[in-house]
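Colleague: I'd like to go through the labels on this one with you. Can you show me the model and say what lies behind each term?

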Amino acid sequence: MDGVATIVPVQDPTDDWVGDFQGLNDPEGRRRLERPSRSDDGFFVVEGPLVVRRLLESDYRVRALLVTDRGLRSLDGDLAQVDVPVYLATQAVIDAIGGFNFHRGALASADRRPLPDLTSLTDAADLAVMIEGVNDHENLGALFRNAAAFRAGAIILDPTTADPLYRRSTRVSMGHVLGLPYGRAQEWPGAIARLQALGFEVLALTPSAEADDIRTVAIRARQAVLVGAEGPGLSAAALAAADRRIRVRMAPGVDSLNVATAAAIVLHHLASGRT
């Protein structure tokens, strides 16, 4: 994006100009506004200077920014080449627009984009993450952050996993959601067989004592870590479809780890032998 950002003062929280940011405290209303259909149409909102900065550096088309004076100063150097409206408001006005006490100083909206199919998504990936049924936005954001840390090349979501572009997910991921290739498989657990047909060994992460210790898993080309939600874990169908069941060995009396923590340990092991 080339150009200079246009700074537009906003005093009325009901102004149509800032419609992308109104009612952020209403999750259901935001879903209807941001995603009018189950397709990839619509837009999303991110918060905080760090994540806004990552958005500006990404390939997403930015729609608008909403900032306080402090937020504007923190992004000053990043806005020099941005040709989008930047709405400037007081803290009180931003709180009224969003519907809650917002102290991160900066919000931005951007258009969603079509998600790639499984073949295109994994074409250049040697290490992938498959996610089933994770509806906690913080866990999902942490999974993306861990995937970025250990250089996973693709993330595949099942149909029931939460929206990774939800504000909390992007914030917890430190904005890495915006740079990692991901897609959503509509056929599940059929996507596991499709990934195997593309040459991936699918490793299902489970706390079961019968699973193989991750330290015994040899590193090979094209591997995917399959994780499920905390509590229920992976479905029986997903476990059955995987090539191998793996676990993180823990001290007696500890039954499981947070899903993002367990995934990080596994990804660290699998990434250690890759360049």
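Colleague: What makes strand β11 largely enclosed by the rest of the structure?

Modeller: Buried means under 20% relative accessible area, with exposed over 50% and partly exposed in between (1.4 Å probe, protein chains only). Six of the six residues of β11, residues 223-228, are buried, so the strand is largely enclosed. Q223, V225 and V227 point one way and A224, L226 and G228 the other way, and all are buried. This is a predicted model, where local features need pLDDT of at least 70, side-chain atom pairs count only at pLDDT 80 or more, and totals for chains, interfaces and linings use all residues. Residues are numbered from 1 along each chain as its sequence is written, and side-chain values use heavy atoms, leaving out hydrogens and water.

Colleague: How do you know which strands pair with β11?

Modeller: Two strands pair if DSSP finds at least two bridges between them; strands themselves are DSSP runs (E, at least two residues), numbered from the N terminus. Strand β6 (residues 127-132) has six bridges to β11, running parallel. Strand β9 (residues 201-205) also pairs with β11 in the parallel sense, over four bridges. A224 in β11 is the bridge partner of A128, and V202 stands opposite A224 too.

Colleague: Why does the radius of gyration agree with a compact globule?

Modeller: The radius is taken over C-alpha atoms, and the globule rule is 2.2 Å times the number of residues to the power 0.38. For 275 residues a compact globule would be near 19 Å, and the protein has 20 Å, which agrees.
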